[in-house]
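Thanks for coming. I will go through one structure, starting with confidence and then moving along its helices.

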Amino acid sequence: MKYLDAHHIMRFLVQVLITAVGTAIIAVGMTLMRKENLGMDAFTALSVGLSHHLPIGLGNIQLGDYLILLVIVLFMDYHQIGFGTLINMMVGYGVQYFTLWFGAYLVFG
């Protein structure tokens with residue numbers, strides 16, 4: 001039960017917070033790149049393209065893509081998967097949120 005002491009729990013919560021903030025920063029960056037037509041990485045471009053042609057939101061498309069990759073990694077080297085992997089799977093939802101938020105409050109040229 002060494003992982004249930006206060007030190008380990010606090011360290012885990014700090015790591016989760018840092019990972020969530022980092023994922024939010026990635027989502028803001030992807031949103032700005034997308035809104036200003038500066039391009040994006042190939043994986044995100046695939047997800048954006050699919051979300052334009054299917055009646056599914058970007059967050060759900062990216063989550064589905066990441067779940068497929070997660071299954072592949074589970075069979076190849078499951079030790080690489082951690083809690084940060086699961087948090088980072090939510091970046092598509094962050095892009096959706098910030099796209100709506102920036103669209104309401106900022107004007108893009």
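In which helix of the chain is confidence lowest, and in which is it highest? The lowest mean is 85, in helix α5 (residues 91–105), and the highest is 91, in helix α3 (residues 58–77). The score here is pLDDT, the predictor's confidence in each residue, from 0 to 100. Helices are DSSP runs of H or I with at least four residues, numbered from the N terminus. The chain averages a pLDDT of 87, and 94% of the residues score at least 70. Where pLDDT is low, the predicted coordinates should not be read in detail.

Some ground rules. This is a predicted model, in which local features need pLDDT of at least 70 and side-chain atom pairs count only at pLDDT 80 or more, while totals for chains, interfaces and linings use all residues. Residues are numbered from 1 along each chain as its sequence is written, and side-chain values use heavy atoms, with hydrogens and water left out.

Now α5. Its 15 residues should span 21 Å at 1.5 Å a residue, and its end C-alpha atoms are 21 Å apart, which agrees. The expected span is 1.5 Å times one less than the number of residues. Buried in α5 are Val91, Gly92, Gly94, Val95, Phe98, Thr99 and Phe102. Buried means under 20% relative accessible area, exposed means over 50%, and partly exposed is in between, with a 1.4 Å probe and protein chains only. Seen down the axis, these buried residues fall within an arc of 145 degrees, so they line one face of α5. The arc is taken from the directions from the helix axis to the C-beta atoms. The face turned away from that buried side carries the exposed residues Leu100 and Ala104. The cover over the buried residues of α5 includes α1 (6–35), α3 and α4 (83–88).

Which residues make up the largest nonpolar core? There are eight: Ala27, Met30, Val48, Leu58, Val91, Val95, Phe98 and Phe102. The elements giving two or more residues to this core are α1 and α5, and α5 has the largest share, with four residues. A nonpolar core is a set of buried Ala, Val, Leu, Ile, Met, Phe, Trp, Tyr and Cys residues joined through side-chain atoms within 4.5 Å.

At 17% relative accessibility, Phe98 counts as buried. Not counting residues up to four places away in sequence, Phe98 touches Ala24, Ala27, Val28, Thr31 and Gly103. Contact here means heavy atoms within 4.5 Å.

On to the rings. Rings of Phe, Tyr and Trp (its six-membered ring) pair if their centres lie within 6.5 Å; planes under 30 degrees apart count as stacked, over 60 as edge-to-face and the rest as tilted. By this rule there are five aromatic pairs. One of them joins Tyr97 and Phe98, edge-to-face, at 5.2 Å centre to centre and 70 degrees between the planes. Tyr97 is partly exposed, at 48% relative accessible area. Ring pairs link Tyr97, Phe98, Trp101 and Phe102 into a cluster.

In α2, Thr44, Ser47, Val48 and Ser51 are buried. They cover an arc of only 100 degrees around the axis, which puts them on the same side of α2. These buried residues pack against α1 and α3, and on the other side of α2, Ala42 and His53 are exposed. Gly57 lies in the loop between α2 and α3. Leaving aside neighbours within four places in sequence, Gly57 is in contact with Ser51 and Gln96.
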